[in-house]
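This report describes the fold of a single protein chain. Please look over the sequence and the model before reading on.

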Amino acid sequence: MSEAKKARTEKRGFLERLAAGEVIIGDGGYVFALEKRGYVKAGPWTPEATVEYPEAVRQLAREFLRAGSDVMQAFTFYGSDDKLENRGNVSQKKHTGSAVNDEACKIAQEVANEGNALVTGGVSQTPNYLSGSGKEAVQEQFRKQAEVFIKNDVDFLLAEYFEHVEEAVWAVEELKKTNKPVAASLCIGPEGDLHGVSAGDCAVKLAKAGADVVGLNCHFGPDETLQTIRLMKAALDKEGLKPYLMTQPLGFKTPDCNKQGFIDLPEFPFGLEPRIVTRWDCHKYAREAYEIGVRYIGACCGMEPYHVRAIAEELSEERGCLPPGSEKHGLWGDGLRQHTKPWVRARARRDYWENLKPASGRPDCPQVSKPDSWGVTQGDKDLLQKTEETTDAELKDLFKK
């Protein structure tokens, strides 16, 4: 057994693995995957499926584990109390955030124990922040979630999906009080956060706040994410700061996105399928991320288990093993040598798939879109938190914009 493979069979901590130079493979996008499967509601994107459909969450986690994920991320995205009761969401009243987050941790731990994976609990941006409720109110939301994570003794904590570095710093400050390792990722692109803070300055702020790992997730595809992490790394290096780096991009191509990312695209969220990255795109992404120096390499919305498997396969030499999910997957199309049709057998080679330019099959559609670019961000009246559902009259006002 190689030293790398032997290390992977031993139960070691998050920072211990990173300090040893190991690559940690994250998991993929739960909310999009579970929405497509009928267990998450598009719009609120909240994680009450952990108590309503726990087996669906458990099965997806197992698929990510089989694909090569080293981290089982508890499905706690948008699991703060204020989000679970925002704009007509009844999940807080029906279940409570504590119950939703607790069950998420238990599912993640159960699956992690099946494959020597780590467990993390995550907090994300809050309606309280977007409403301008202030630091104390926002950190109280993070504190409630963190208490559940600590009760379940997760391996590390994650502050992810923040459009504003100010709120992410508040999250890091609160999570660091637990004495657990903390990773922090922003959903920003090369232009920086929505308050105009550059990507590099964002990284520096997170590192100075105490984040052990700094990086990006969601809102942008692999290409833009890699561009942004380079900017972050350069700024960190200039300041002499050395947090570990992480990237978890979208599973969509986003060359036409503006600062707001894919939620500004007219296709969001129900028409994004033509933009889905291929497994071969994920090979390229994983290799480039590794060469930049990223050691926590994962995925976000739109990324399914087969995308994560591609990441793990690309880095199999560095990791000392292939994931279990490669049992039924010939590398670079090698399994096609068993295909009946000779022209398909001829595709059983790496150079074919690396150089393929896939067509969308939609000749009447444009190659890129024009983002909506409303420019709405923290403090705008349309982002104010409210427990009541959006009315038809309020929707009609939005239709006019």
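The model is predicted. The chain contains 19 helices and eight strands. A compact globule of 401 residues would have a radius of gyration near 21 Å, and the chain agrees because its own value is 21 Å. Along the principal axes, the C-alpha trace spans about 60 × 55 × 45 Å.

Burial and sequence separation come next. Of the 401 residues, 54% count as buried. Among contacts between residues at least 6 apart in sequence, 78% join residues at least 24 apart.

The eight strands form an open sheet with parallel pairing, in the order β1-β8-β7-β6-β5-β4-β3-β2. β1 and β2 stand at the edges with a single partner strand each, so one side of each is left without a neighbour in the sheet. Within the sheet, β4 and β5 pair in the parallel sense over three bridges. Leu157 stands opposite Val182 in β5.

| Strand | Residues |
|---|---|
| β1 | residues 24-25 |
| β2 | residues 71-73 |
| β4 | residues 156-159 |
| β5 | residues 182-186 |

How values were computed: Residues are numbered from 1 along each chain as its sequence is written. This is a predicted model: local features need pLDDT of at least 70, side-chain atom pairs count only at pLDDT 80 or more; totals for chains, interfaces and linings use all residues. Side-chain values use heavy atoms; hydrogens and water are left out. Helices (H or I, at least four residues) and strands (E, at least two) are DSSP runs, numbered from the N terminus. The radius of gyration is taken over C-alpha atoms; the globule rule is 2.2 Å times the number of residues to the power 0.38. Buried means under 20% relative accessible area, exposed over 50%, partly exposed in between (1.4 Å probe, protein chains only). Contact means heavy atoms within 4.5 Å. Two strands pair if DSSP finds at least two bridges between them.
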